[in-house]
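Biologist: Before we start, I would like to learn how to read a model like this one, feature by feature.
Modeller: Then let us look at it together.

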Amino acid sequence: MTVLIKGYLLIVGIASMVMGFWAMFGPDFVAWYPAFDGVERGTPLANFIRTMSGVFVASGYILVRFIFSSSKVQLGTVLIYLCAFMLLGKACGLYYEGYHFHDIIASILGILTLIGLTIVHRHRKNLLNYDL
């Protein structure tokens, strides 16, 4: 079960990094992602998208690092908070902006990621030896 969850988290981490780098450095980021349709280059919105792409890259890197980390560093807690607050923001967006298919899919994937992170983090916590 843990291997499946780690595999899922690895896919999410790599996908986040690829999407983030693509949106940051690609000259025409609008064409590959339907939610960016109609965003004109050179506008504040395009700048915001590219800025937020850095968050995707960082989050993906931290997620992959968490999966392959041999130390018992509490990166899981950081990722859990990051994901939880992202879901809180997504819930506010659903409330104020309405429901769209993309938002529902992103929310479901966010919830699955939060569940996976919590399970892997608890599993790692149980491996800690508290004998001094």
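**Reading burial and packing**

Modeller: At 47% relative accessibility, Leu88 counts as partly exposed, since buried would need a value under 20% and exposed one over 50%. Leu88 belongs to helix H3, which covers residues 75-97. Keep in mind that this is a predicted model.

Biologist: Is Ser107 buried or exposed?

Modeller: Its relative accessibility is 11%, so Ser107 counts as buried. Leaving aside residues up to four places away in sequence, Ser107 touches Leu87, Lys90 and Leu94.

Biologist: What share of the chain is buried?

Modeller: Of the 132 residues in the chain, 31% are buried. The chain exposes about 9,000 Å², and carbon and sulfur atoms supply 71% of that area.

Biologist: What secondary structure does the chain have?

Modeller: Four helices and zero strands. Along the sequence the pattern reads α-α-α-α.

Biologist: How should I describe a pair of packed helices?

Modeller: Two packed helices are described by the angle between their axes and by the distance between those axes. Take H1, residues 2-25, and H4, residues 101-127: their axes come within 10 Å and cross at roughly 130°. That angle makes H1 oblique to H4. The crossing of H1 past H4 is left-handed.

Biologist: Which residues make the contact between H1 and H4?

Modeller: H1 contributes Thr2, Ile5, Lys6, Tyr8, Leu9 and Val12. From H4 come Leu109, Leu112, Thr113, Gly116, Leu117, Ile119, Val120 and His123. By class, the residues of this contact are nine nonpolar, four polar and one charged.

Biologist: What is the C-alpha separation of Ala35 and His102?

Modeller: The two C-alpha atoms are separated by 7.6 Å, although Ala35 and His102 are 67 residues apart along the chain.

Biologist: How can I express sequence separation for contacts over the whole chain?

Modeller: Take the contacts between residues at least 6 apart in sequence, and ask what fraction join residues at least 24 apart; in this chain the figure is 65%.

Note on methods
Residues numbered from 1 in each chain as written. Predicted model: local features only at pLDDT ≥ 70, side-chain atom pairs only at ≥ 80, totals over all residues. Heavy atoms only, no water. Axes fitted to C-alpha atoms, helices over the stretch in contact; angles between N-to-C directions. Helix = DSSP H or I, 4+ residues; strand = E, 2+ residues; numbered from the N terminus. Parallel < 35°, antiparallel > 145°, perpendicular 65-115°, else oblique. Left-handed = near helix turned anticlockwise from the far one by under 90°. Contact = heavy atoms within 4.5 Å. Nonpolar A, V, L, I, M, F, W, Y, C, P; charged D, E, K, R; others polar. Buried < 20%, exposed > 50% of the residue type's maximum accessible area, 1.4 Å probe, protein only. Areas by Shrake-Rupley, 256 points an atom, 1.4 Å probe, with all protein chains shown as cover.
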